[in-house]
Amino acid sequence: MKLHADHILERFCVAGISYRQANTTVRGRFAVDTELHKAILQEGQEQAIKSLFIVSTCNRTEVYGYVSHPHQLAALLCRFVEGELSDFLEHGFFLHGKSAMHHLFRVAAGLESQIIGDYEIQGQIKQSIALARKAGLIGPIMDRTLNFVFQASKKIRTNTGLSTGTVSVSFAAIEWLQQKLDGRPMKALIIGTGKFGVNVCKNMQHYLPNIELVLCNRTDEKANSIAETLKVESIPYASLDTTIDGFDIIVTSTSSTTPIVLPTHFTTQRERYIVDLSVPANVDKAVADVPGVHFANVDDISVILEQNIARRHTEVPKAESIIAEYEVEFYQWLHTYKHTPAIKLFKQHLAEWTSQNSCTAGDDISAHAVNMEELVQNSVNNLVVNLKNESVKGCHVIQAYRQFLDHPAVSVQVS
């Protein structure tokens, strides 16, 4: 059966469910862990699906493959997850052909992420591809499909600002500090060793290396354990009232329902930088009036996030333009894919001919000396270009043979 580009493209399908259509509870019923992932891929093999991979994150579960209909992918998924097919049909989406292809390009670029420009999704897709490849479920067309997708994603990341500027609260706090600090050594106290506190600490170690870090938590054992892991100091929570005045930077992120940083804590006048990442507030609002204090709360930090997200949205047209460029290149490649057998045979014939008709150095061919391997490749490339422009296989193949045999170096060898 002859391969046809439009037929191949129509078989590219995706069945998915994401934050756009479903809440976390519904999405959770269709989540796929590593073991389920392997089981689904094995079932795909048994169903003789040639190409298949699954992307499952906290924001989405999507199944991609070259199949007859996207509902086939949904049915495959729902055989293994907790969710019912009826729920997937209600909350999910189904795409095929160019719509499915465009969706994959957008997902890999971070355009479909809940936080636009989130580049972590590309790593998640690559992990899924690695599992599918190991299971033998990434065929040659899918492999080339993904090559174009990742090339587009890389160019978007390099040539646009879609993924620049932090959209993480914990890192936005570092960004605020970077705007305020002058680079001199300082001492910082991180109060609260939950997710935010630990992330702030790690980011501060990386981006503000001149800062000496000290951890404090209402559970001293937890603070000591994390401090040991991060190779920083810790202080007992009970000593907070008497030690807090000695720090230049204070970041709070605890679950306390009442303020734990008070204006009475500060008895010496100096430049201080205080960030409160907690809701309810951990820092008494009167602290902002203490002489020398530079203060930011969650709302202030959120302004940075909103500005960064707004800047990312202005980059979307550039990203879409790059995607369109690579989609065109992919469709051009796909239209020549059906000629692959003829191209391979043509290359094989030329390689055999050059092997059988090689000349020794010193004869008349020296005047037209060329690298025969390069000549063969050029002939193949010209054939591919001609087939792209006008798909008349027989004529172009004959013309390619004639052009090769008419080359001066080849003509000398023949004579």
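In this predicted model, Glu112 is in contact with Tyr19, Arg20, Arg60, His103, Arg106 and Val107, leaving aside its neighbours within four places in sequence. Glu112 sits in the loop that joins helix H6 (98–109) to helix H7 (120–134). Its relative accessible area is 11%, and because buried means under 20%, Glu112 counts as buried. One partner is also reached by a polar contact: the side chains of Glu112 and Arg20 meet at 2.9 Å.

Glu315 is located in the loop between helix H13 (298–314) and H14. With a relative accessibility of 12%, Glu315 is buried. Apart from neighbours within four places in sequence, the residues in contact with Glu315 are Thr160, Gly161 and Leu162.

Phe330 touches Leu9, Tyr66, Met101, Thr145 and Phe148, when residues up to four places away in sequence are not counted.

Helix H4 (residues 70–78) shows how a buried element is covered. Its buried residues are Pro70, Leu73, Ala74, Leu76, Leu77 and Cys78. The cover over them includes strands E1 (12–18), E2 (52–56), E3 (60–66) and E4 (93–96), together with helices H3 (34–46) and H5 (85–91).

Definitions and conventions:
Residues numbered from 1 in each chain as written. Predicted model: local features only at pLDDT ≥ 70, side-chain atom pairs only at ≥ 80, totals over all residues. Heavy atoms only, no water. Contact = heavy atoms within 4.5 Å. Buried < 20%, exposed > 50% of the residue type's maximum accessible area, 1.4 Å probe, protein only. Helix = DSSP H or I, 4+ residues; strand = E, 2+ residues; numbered from the N terminus. Polar contact = N/O pair within 3.5 Å; in protein donor to acceptor, adjacent residues only side chain to side chain.
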